[in-house]
Amino acid sequence: MDSTSPGASTLAVTIDARVSERVPAYVLGLIAVPDIDVVKDAPAVDALLTAAEDALHAEKLSKADVSALPAIAAWRDAYRAVDVNPNRFPCAAESVLRRVAKGDRLPRINALVDLCNAVSLAGRLPVASCDVGDIRGELSVRLADGDETYLPLGAPDAPEHPDAGEVVYADGRGRAHSRRWNWRQGDVVKTGLGRRRILLTVEAAHDGGRDAVEESLGRLAESLAGLTATYGRPLVLDRATPTGVLFGAPAAVPVR
C-alpha cells in the first residue's frame with residue numbers, strides 16, 4: 001500500500017535524555033521526504049553504490065579493521081553503554097561494511113535503500129530510509145520499556161517485544177520500529193516501491209560526529225534532487241537540541 005500523500009501531519013522527532021546520558025556524543029541527522037516515487041533502479045544511485053563498494057574493496061580491510069574504524073569503534077562503545085553486545089549485534093554500518101569488506105557486493109533493493117547503503121559505506125555511519133506514512137505525531141529514540149510491539153522486517157506476523165532498556169525508535173502508539181538501536185529495522189517502516197513519505201536518518205556516536213553526519217546529509221540531499229524527490233531542509237539533533245519537527249514545520253537545527 002502506498003503511503004500518505006504530501007500535506008500529511010508533522011512529525012516531532014526526539015532523542016530521549018537517557019540515551020544522551022549514556023552516549024553523550026550521539027548525533028542524529030534527518031531529512032524529511034514528504035513525497036517520493038521510489039523506483040527499483042536509478043543508474044546514478046547504482047553507480048554511487050558501486051563506487052563506494054569498489055573503494056572499500058580497495059582498502060582490503062579485515063573484520064578487525066572494520067571494527068577499529070573510529071566511527072564504528074564508537075558505535076561498539078555506544079552499544080556496550082546500553083548493555084548490548086556489539087559482537088552479537090553490530091550496528092547497521094558495521095554490518096554493511098563487513099559484508100563489502102569481504103569482497104561482496106550489497107543486494108540492490110530499490111533506489112532509495114541503495115542510496116542509503118552507498119552513503120553509509122562512504123561515511124562509515126548508519127544511514128536508513130524509513131517509511132513514516134503510518135507514523136503520526138512523534139517518533140523517539142529512547143530506551144524501551146519492554147512492552148512495545150516490534151514487527152520484524154519481512155515477518156510482521158511474528159511480533160516481538162524489545163528488551164527493557166534497549167534503544168529503539170518508538171512512536172506514540174507503543175510500537176518500536178527498530179531493535180537494538182539501529183541493528184535491525186522494523187517491517188512497518190521498510191521502504192517499498194511507489195509513492196512514499198520517507199524519513200532519512202544518519203547517526204553518529206563518535207566525538208566530532210556532527211561534521212560526518214552533515215557531510216552524509218549533503219550526499220543524500222544531492223542524490224535526492226536527482227531522484228526528483230521533494231524534501232525538507234536537513235536538520236541535526238543532539239544532546240543540546242534533542243527535538244525537531246519535520247514535514248511542514250521549520251527544522252530545529254539546520255545543517256551548517
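I began at V38, which touches N110, L112, T191, G192, L193, G194 and R196 when residues up to four places away in sequence are not counted; contact here means heavy atoms within 4.5 Å. I note that this is a predicted model, in which local features need pLDDT of at least 70 and side-chain atom pairs count only at pLDDT 80 or more, while totals for chains, interfaces and linings use all residues. Residues are numbered from 1 along each chain as its sequence is written, and side-chain values use heavy atoms, with hydrogens and water left out.

I then looked up where V38 sits, and found it in strand β2; strands (E, at least two residues) and helices (H or I, at least four) are DSSP runs, numbered from the N terminus. V38 is buried, with a relative accessible area of 4%, where buried means under 20% relative accessible area, exposed over 50% and partly exposed in between, with a 1.4 Å probe and protein chains only. I also checked N110, which is 72 residues from V38 along the chain, and the C-alpha atoms of the two are separated by 7.1 Å.

Next I turned to T191, which I found in the loop between β9 (184-185) and β10. T191 is buried too, at a relative accessible area of 10%. Its side chain makes a polar contact of 2.7 Å with the side chain of S129; such a contact is a pair of N or O atoms within 3.5 Å, and within protein one must be able to donate a hydrogen and the other to accept it, with residues adjacent in sequence counting only if both atoms are side-chain atoms. Leaving out residues up to four places away in sequence, T191 touches V38, N110, L112, V113, S129, C130, D131 and I198.

I went through the pairings in turn. Strand β2 (residues 27-38) is joined to β10 by 10 bridges, and V27 stands opposite A204. Strand β3 (residues 127-131) is joined to β10 by five bridges, with V127 opposite V202. Between β2 and β11 I found three bridges, again antiparallel, and the partner of L28 in β11 is L237. In strand β10 (residues 194-204), 10 of the 11 residues are buried, so this strand is largely enclosed by the rest of the structure.

Last, I looked at helix α2 (residues 43-59), whose buried residues are V45, L49, A52, E53, L56 and H57. These cover an arc of only 140 degrees around the axis, which puts them on the same side of α2; the arc is that of the directions from the helix axis to the C-beta atoms. What covers them includes α5 (92-101) and α6 (111-123), whereas P43, A44 and A58 are exposed on the other side of α2. After α2 comes K60, whose phi is positive, near 55 degrees.

Notes
Pairing = 2+ DSSP bridges.
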